[in-house]
Amino acid sequence: MKKLNIRSVVIVCSVMGLLSFFTSCDAGFDSMNVDETAVNELEPMTILNDQIQLTPSSGIYGHLLYDAAIVQQMIAPYGQTLAGGNFNQDNQFPWVIDYFDDDYSIISHAVDVIENTRDDDFYHNAHQKARIWKAFVGLLATDTIGDAPYSEAGLGYHEGVLNPSYDTQESIYESALQEIQQATEALDPNSRIETNDILYAGDITKWKRFGYSLLLRYGMRLSEIAPGTAQQYVQAAYNGGVFQSNEDNAIIVRNDNYNFSLSGTFNGGERHNFYLTEVFVDYMKENDDPRLRSIAVRYVGATGIGDQDERLNRSTDPADQIGMPLGHDQTTIHDQAASDGLESMWDYSQVDRDRMVSQTAPDFLITYAQTQLLLAEAAERNWISGPAVDFFTEGVRAHLEQMEQHHPDMAIPQSEIDDYVSEQEQAYLAENPYEHIHNQYWVAGFIINPREVFSNWRRTGYPQLDPNPYPDQEISGDFIRRRKYVEREIAVNADNVRSAIERQGWSGNNLDARVWWDTESYNPN
């Protein structure tokens, strides 16, 4: 019967003409083609959840090649598709520069939630969370490249902005910090609670602590370029209430279906390509750091990748760990390995892919340990009250205890934690406290936050690293200090990108150009 009716309608419409078909005979067709049993709209928190879990995966391959290599935690002795901070070279392969598309896809979805929940009391808290997330990822983006789209980012659908302007980094920080503070303050436990929230199951107290901890992180980023503004936001964050324990850590729980962001790299085709650096391993060994046993693995005497896959002579003993020296490619590293008394380049230490970067390891976005270490710096500057050393030791302790959150087999015995914290406290009180704070921050961000470690190192200069000695480099300075604007963005948004380059006073789209807040010196006193 339906077929006959539809055919009759079509015949009538064809007689009446095409215009009549579209203006009058389409009545009812929209509803006939809608599956009433299917989902036609997505709930705002569902959209935001998807973007939250994608955030640590945003261009992580490229950040491993650049950020983690620049701060000398991880290194690959290979070039071409793996070139980056290991050789101080530009790499425009799509899977290396996809952070740009990833960041702005997340921002676009966050903006969509913001616009669709504006002035909607039912989604009040989802609206504030989306504001926080847009600001968070916008700050990640600008810290990576400098001036960037922000005020017009994500408005393609809502306002038809297809080629967004590039805002100055200073204006992005001004806007984003205000956004984080205002949205965090506006979170309301008396409004609707989204229990499907993947980060904190709707717990507003924890979300507020998350927001204020972000405010502390990015407020501190301005310590050298705008210390008055930095102090203002640091105090606001501290007074508002930052993380109180490891239970507040912003963790994305992973499982067999939704894997840890780096597991595909370290358990897939790239599993033989990345190694802990000599700088990182030696620092931990010299300080008798018990975390090395949790982080590192070495297949002692490995002569090929098969020995690694078979886990032959697998050792997590700190005494056995040997980091890979910087400055080598896939040819010279073999001679270096022989000089170091190793069987092959595959005999160097790696991150333990069975534990720290397993498929079900959680993603950490910001942690209590990092927060306490930044509070130690704030206390040393007299921006907040309380003994700085107490914040420092609590931050160190928190990260050692955090090892168990990565994997149960990474738990460090309490006696070892106590001994290490005591040793670090004595060194902190006897020597330069700022160096100890940021050396520990370097370790606390290992593997989980390469972008944040790179940014904090640029701000402070700690740890004090020697330049990568690789001979064939593409920088005139000592270190890479930003990522280049991606070529495909230049192709479609050329005028705005070129204006950004010229405005920042750069002679070109250089890897060693400093972003706005990256000053020449770190002078906390």
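This is a predicted model: local features need pLDDT of at least 70, side-chain atom pairs count only at pLDDT 80 or more; totals for chains, interfaces and linings use all residues.
A crossing of two helices is called left-handed if the near helix is turned anticlockwise from the far one by less than a right angle.

Take helix 11 and helix 18 to begin with. The crossing of these two is left-handed. Helix 11 covers residues 204-220 and helix 18 covers residues 368-380; their axes come within 10 Å and cross at roughly 50 degrees. That angle makes helix 11 oblique to helix 18. On the helix 11 side, the residues involved are Ser-213, Leu-216, Arg-217 and Met-220, and they meet Gln-370, Thr-371, Leu-374, Leu-375, Glu-377 and Ala-378 of helix 18.

As for handedness, helix 8 passes helix 22 in a left-handed crossing. Leu-140, Ala-141, Asp-143 and Thr-144 are what helix 8 brings to the contact, and they meet Arg-451, Ser-455 and Arg-458 from helix 22. The make-up of this contact between helix 8 and helix 22 is two nonpolar, two polar and three charged residues.

Then there is helix 14 (residues 278-286) with helix 21 (residues 433-444): the axes come within 12 Å and cross at roughly 115 degrees. Helix 14 and helix 21 make a left-handed crossing as well. Val-279, Phe-280, Tyr-283 and Met-284 from helix 14 make the contact, together with Asn-439, Gln-440, Trp-442 and Val-443 from helix 21. With six nonpolar and two polar residues, the contact of helix 14 with helix 21 has no charged ones.

The largest nonpolar core has 152 residues, and Met-74, Trp-133, Leu-199 and Phe-210 touch the most other members. Leu-199 is worth a look on its own. Setting aside neighbours within four places in sequence, Leu-199 is in contact with two of those residues, Trp-133 and Phe-210.

Ile-447 sits in the loop between helix 21 and helix 22. Although Ile-447 is not a glycine, its phi is positive, at about 65 degrees. With a relative accessible area of 6%, Ile-447 is buried, since the cut-off for that label is under 20%. Asn-313 is another non-glycine with a positive phi, here about 50 degrees. The loop that holds Asn-313 runs between helix 16 (305-309) and strand 5 (314-315). Asn-313 counts as exposed because its relative accessibility is 55%, the threshold being over 50%.

Tyr-462 and Pro-463 are joined by a cis peptide bond, with omega at about 0 degrees. Pro-463 belongs to the loop between helix 22 and helix 23 (487-492).

Note on methods
Residues are numbered from 1 along each chain as its sequence is written. Side-chain values use heavy atoms; hydrogens and water are left out. A nonpolar core is a set of buried Ala, Val, Leu, Ile, Met, Phe, Trp, Tyr and Cys residues joined through side-chain atoms within 4.5 Å. Buried means under 20% relative accessible area, exposed over 50%, partly exposed in between (1.4 Å probe, protein chains only). Contact means heavy atoms within 4.5 Å. Axes are lines fitted to C-alpha atoms, for helices over the stretch in contact, and angles run from 0 to 180 degrees between N-to-C directions. Helices (H or I, at least four residues) and strands (E, at least two) are DSSP runs, numbered from the N terminus. Angles under 35 degrees count as roughly parallel, over 145 as roughly antiparallel, 65 to 115 as roughly perpendicular and the rest as oblique. Ala, Val, Leu, Ile, Met, Phe, Trp, Tyr, Cys and Pro count as nonpolar, Asp, Glu, Lys and Arg as charged, and the others, Gly among them, as polar.
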